[in-house]
Amino acid sequence: MTREEALELTEKALEAAKVPEVEIRLASRKHGFLRFARNAPTTSGLTEAGGATVTAWKGKRKATVAGSVDLANPENALAEMRRLIGEAETSAALSPEDREYMPLLGPQEYAPIDAWDADTAEMSAARRAGAVADAIGVAKQKKVIAAGFFENVGEEEALANSAGLFGYHRGSVATFSLTARTPDDRGSGYTAVSSHRVGGLDFKETAAIASKKAVDSRGGRDIDPAAYPTILEPQAVADIIGNTLPRVLGARPADEGRSVFAAPEGKTRLGERIFDPRVNIYADPGHALIPSSPIGPEGYPIRKADFVREGVLKNLIYSRYWADKHETKPGPFLSNLVFDGSSTPLAKLIAETERGVLVTRLWYIRSVDPQQALFTGLTRDGLFWIEDGKIRHPLKNLRFNESPYRLLQQVEALGQTQPVVAGERYQDFRMLLPALKVRQFRFTSVSDAV
Amino acid sequence: MLTRRDFLAASAAVSASALLAAERSDRDKLAELALSAAKKAGADYADVRISRYDNQGVFTRERQVQNIVSSSSYGYGVRVLKNGAWGFSASNDFREETVRRIVAQAIDIAEANAKIQSSPVRLAPLKAYTAKWKSAYEIDPFTIPVERKADLLIEANEAALGVKGVSFVSSALQAVREDRYFASSLGSRIEQDIVRSNGGFSVTAVDRAKGDAQSRDSLMSPVQRGWEAIEEYPLVEEARQAGEEAVEKLKAPSVEPGAYDLLLHPTHLWLTIHESCGHPTELDRALGYEANYAGTSFLTPDKLGKFRYGSKWVNMVADRTQPHGLATVAYDDDGAPAERWPLIKEGVFVDYQTTREQAGLVEGVGPHACSHADSWSSVVFQRMPNVSLDPMDSKLTEDELMADIKNGILILGRGSFSIDQQRYNFQFGGQLFWEIKNGKKTRMLRDVAYQSRTPEFWNACDGVASRKEYLLGGSFNDGKGEPPQSNAVSHGCSPTRFRGINVINTGRDA
């Protein structure tokens, strides 16, 4: 679906609307994937899917209808989009009035984002199999057993409404991850790499790093679960901070007194220095390493915007309704996340640590108390003890009860950044994150899992 | 206001325009085309799934409807086995030339993978079936006007907001329909119509002076039923009670950490069963197929038939035939008939969840019809059946279980949950925590979570209430696989007692 095709389709479809306010979001996706385990391929596929999401307003009554749309065939696509508009109009007429109604946004300016690579979007099955064969070859050499996943996505999106707004974006991404386990099941290591240009990925090196972690993590020793100085590799920072912080940045829950950014007496922490002054966190859809969509909710543009600058909370996210109610601007919205690091390599962070824990990956992270932004989860695929500036031995995995909010107050040092792939959830959300050394990370029990 | 008849007419128009996806004869034609193209291209086996998935959600907060969202997704997926390797491709473009291209893509993938396959895929023998099956429901939830649904939710919200101290409430109703068609080169032609319903709310009380907030979510669970499940559930009454309990939680004492006897209600225990028994008894996990994502399992094949997973009270049954279970079907996505079989028998681990492809990977372990894909565009793999704690012939009651607790906690509802990737170490919260002292329920507690190790936890089980108090819990969204897929699954149990479990305090000053 090109920009021109999307524009023509949405214009024609909107002409069929019987109500004055309709919004259409189109998405076309081609997704190739190859999964492997026990050093051999398992499931794989290539799927092509198109869809549309239509919201119609009849006065202040609103309904949203989404459906499959055969975007490869414009005639069918138009008929299906018109049907979805009709269905949304019918449902809107049935709906009670939306007390938080906001009129449609008019035309907006979106920054052009270079996120598309045809080589990545159109990869062949043979190329996927070749990359996986290379990685399995390394695993076999290192005498470990590999399981992993290689996928490539080409995605086009368009948003149009009856107030004249139109936005179009397309992006590609290739992601490769590999878990190596030792044949005796006593060691496990994980690495993942991702880029919108598949040419930049090194499958053999990724397999070699995961294999080394697996071998090095064999036979983890016990330590008492307690708070320790801890170094988090960028993957672990993605798991505990990258995956949690963006989801608690809403202004409304803070204003309503039920978020970690709420302050007593109905106030929020906006403008307060709440984190270590070295902490800078922001959205940047045009970032060359992690380009992402500039089209936000209801078509509001996503631009480079600070959330935390020098430890000060600069912005919370206002929906259009909440912004209007508070006489402020909507947003800033985000489609990716950057956390600035330093030039310090991970090896130096380790060399400067007297005693502490090195975490390579975290897993099964769930909210325990939203008001503290308290999360629980476990370490996984490589946990190590550092003493006198050296990794001394692997550790048994540990459960933690910890808050990303508290960790950002506990910063001891920042390392180099790298693009990271979220582990368990939100895998489409792209992040550039540093290694992070914190004064304390709270572990609460030992796990026998390897 | 649209009448029920108008709404039905609108729905019918939608179905008619759903191209080939709606008609049986069109589906048969598409299946024949794809299966014959696959055979011609050298596939040893092929199947086609042509499906439509409808989903409707009504979302409210306080006194307003936030949104009414309907989605429908339809398309087809073709799976082929060639040279001992799988290939899969899917599309929602139903034109003949596209169907042929999709089959060719699946063949291309199988051929590419076969070159790096270490041993060929082997499938257990299976008969061909021709069948039409409908899940058990009385009232199609898609025929109920959305205004009626919104009214029910707003009434529940009002009930909660009527309690002094309640600040916020959000609520939702969800209806799901899966219209699935399966055809295989073995000759099977299977149609299945599945309806599921869900409802619930979250009530929050805020103490702004202290900067404290406490929530109480509904105890309702999703179920494979129609609108009658929503009508039977006392949602408004529960919302009022939840409001009172959220306010009481603000003032409740924080739990003292330590070892407690736990009495776990079915509205809570279903999730512990899911995480600590449902997942570790999946054969793909045990063999390393999920090592890169969901994880592996401590229940390795060497433990089969001898490992003491729990006490003699612990009888876990896998069942894809259980009425109203969310994972219940007549046939799985290999076209194999659904089964019921034991996983844990009197505490001993005796079997796995398996598919046709996994039969024979472990000596003595047969196929159990656990193949599933969450969409026409998703690849089929092993997913969880309903896994439940069977009360067997227990005559005990919840009150009798409580009477024998000196220092314990009764836990209801689903709270925070987390478990390691081999399913040993877990931590669960809940919605409601009641202190039990000398056999009596005394006062509400807060900030409660328990941590344990799966075999120690289930070996600490010393009482399960009878079938009279049995309830089904469950979730619409159990995640597994890469690309991730979401599976609906139920877990049934009665109130159950555990001795000496480690309880931690998750509060601010802990």
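Reader: At what angle do helix H1 and helix H2 of chain A pack?
Author: Happy to walk through this predicted model with you. H1 covers residues 3-15 of chain A and H2 covers residues 74-94 of chain A. Their axes lie 9 Å apart, and the helices pack at an angle of about 45°.

Reader: How are H1(A) and H2(A) oriented to each other, and what is the handedness of their crossing?
Author: Angles under 35 degrees would count as roughly parallel, and those from 65 to 115 as roughly perpendicular. The packing angle here is about 45°, so the two helices are oblique to each other. Their crossing is right-handed.

Reader: Which residues of H1(A) meet H2(A), and how do the contact residues divide by type?
Author: From H1(A) come A:Glu5, A:Leu9, A:Lys12 and A:Ala13. Their partners in H2(A) include A:Leu78, A:Met81, A:Arg82 and A:Ile85. The residues of this contact divide into seven nonpolar, no polar and three charged.

Reader: Over in chain B, which strands form the edges of the open sheet of four strands?
Author: Good one to trace by eye: the order is E11-E10-E9-E14, with antiparallel pairing. An edge strand here pairs on one side only. That gives E11 (348-349) and E14 (386-389) of chain B.

Reader: Which residue in E14(B) stands opposite B:Ala318?
Author: Strand E9 of chain B spans residues 316-319. Four bridges join E9 to E14(B), and the two run antiparallel. Opposite B:Ala318 stands B:Val387.

Reader: Which helix lies across E9, E10 and E14 of chain B?
Author: The helix in question spans residues 266-278 of chain B and runs at about 110° to E14(B).

Definitions and conventions
Residues are numbered from 1 along each chain as its sequence is written. Chains are lettered from A and ligands numbered from 1 in the order in which they are written. This is a predicted model: local features need pLDDT of at least 70, side-chain atom pairs count only at pLDDT 80 or more; totals for chains, interfaces and linings use all residues. Two strands pair if DSSP finds at least two bridges between them. Two residues are in contact if their C-beta atoms, placed from the backbone, lie within 7 Å. Axes are lines fitted to C-alpha atoms, for helices over the stretch in contact, and angles run from 0 to 180 degrees between N-to-C directions. Angles under 35 degrees count as roughly parallel, over 145 as roughly antiparallel, 65 to 115 as roughly perpendicular and the rest as oblique. A crossing is left-handed if the near helix is turned anticlockwise from the far one by less than a right angle, and right-handed if clockwise. Ala, Val, Leu, Ile, Met, Phe, Trp, Tyr, Cys and Pro count as nonpolar, Asp, Glu, Lys and Arg as charged, and the others, Gly among them, as polar.
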